[in-house]
Amino acid sequence: MLQRNLSTIPLYEDLKPWELDAVATECGPQWFPRFIAKHIPQYTFRDPCRQHDFDYWVGGTELDRKITDLKFFVRMLKSGPNKKEAWRYYKLVRQFGWVSFHYGEKRTYADLEIAVDEYLA
């Protein structure tokens with residue numbers, strides 16, 4: 001088994017299920033009030049939402065956030081026929097996503113280990 005370099009930025013496709021659970025929810029941030037969150041259809045864009053959450057957790061600059069949001073929009077378009085819903089999600093993350101985005105140095109595998117330990121505690 002390959003050892004991970006703890007100082008490198010994690011890749012979504014390399015995550016174990018429990019690692020992804022530690023840093024990504026479904027669609028909509030954890031801080032959303034329940035009365036709003038229950039109206040977000042989780043099944044429609046589950047995988048794009050989880051990858052978007054992970055990318056927000058990794059973080060970076062405002063440019064990184066814009067790129068992340070555009071990738072999210074493209075993944076949603078590819079995952080289902082509902083272009084109007086994809087556009088709505090995209091506009092929401094552009095308007096409110098700054099609250100959840102990690103601005104600063106991108107997180108590493110070392111940070112992921114800490115997040116997993118906290119999640120599993």
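Predicted model: local features only at pLDDT ≥ 70, side-chain atom pairs only at ≥ 80, totals over all residues.
**Ground rules.** I note that residues are numbered from 1 along each chain as its sequence is written, and that side-chain values use heavy atoms, with hydrogens and water left out. Local features need pLDDT of at least 70 and side-chain atom pairs count only at pLDDT 80 or more, while totals for chains, interfaces and linings use all residues.

**Helix H3.** I looked up H3, residues 46-58, and found that its 13 residues reach 19 Å from the first C-alpha to the last, close to the 18 Å expected at 1.5 Å a residue. Helices here are DSSP runs of H or I with at least four residues, numbered from the N terminus, and the expected span is 1.5 Å times one less than the number of residues.

**Aromatic rings.** I searched the whole structure and noted seven aromatic pairs; rings of Phe, Tyr and Trp (its six-membered ring) pair if their centres lie within 6.5 Å, and planes under 30 degrees apart count as stacked, over 60 as edge-to-face and the rest as tilted. One of the pairs is Phe54 with Trp57, which is stacked at 6.2 Å centre to centre with 25° between the planes. Both residues lie in H3, three residues apart, about one turn of the helix. An α-helix has 3.6 residues a turn, so residues three or four places apart point the same way. Phe54 has a relative accessible area of 2% and is buried, and Trp57 also counts as buried, at 12%. Together with Tyr12, Phe54 and Trp57 form one aromatic cluster.

**Asp69.** I then turned to Asp69 in helix H4, which is buried with a relative accessible area of 0%. Leaving out residues up to four places away in sequence, Asp69 touches His52, Tyr56, Tyr90, Val93 and Arg94, a contact being heavy atoms within 4.5 Å.

**Nonpolar cores.** A nonpolar core is a set of buried Ala, Val, Leu, Ile, Met, Phe, Trp, Tyr and Cys residues joined through side-chain atoms within 4.5 Å. The largest one has twelve residues, including Cys49, Tyr56, Met76, Tyr90 and Val93. H3, H4 and H5 each supply at least two residues of this core, and H5 gives the most, with four. Apart from this core lies another, of eleven residues, among them Leu15, Phe54, Ala115 and Val116.

**A pocket.** Last, I looked up the second largest pocket, which holds about 310 Å³ of space and is lined by 17 residues, with Asp55, Val58, Thr68, Lys71 and Lys106 nearest its centre. On a 1 Å grid over the protein atoms alone, a pocket is an open set of points where a 1.4 Å probe fits, with protein on both sides within 12 Å along at least five of seven lines, and lining residues have an atom within 4 Å of a point. Grid points are joined across faces, edges and corners, and the volume is the space filled by probe spheres set on the points. H4 gives the most to this lining, with five residues.

Terms used
Buried < 20%, exposed > 50% of the residue type's maximum accessible area, 1.4 Å probe, protein only.
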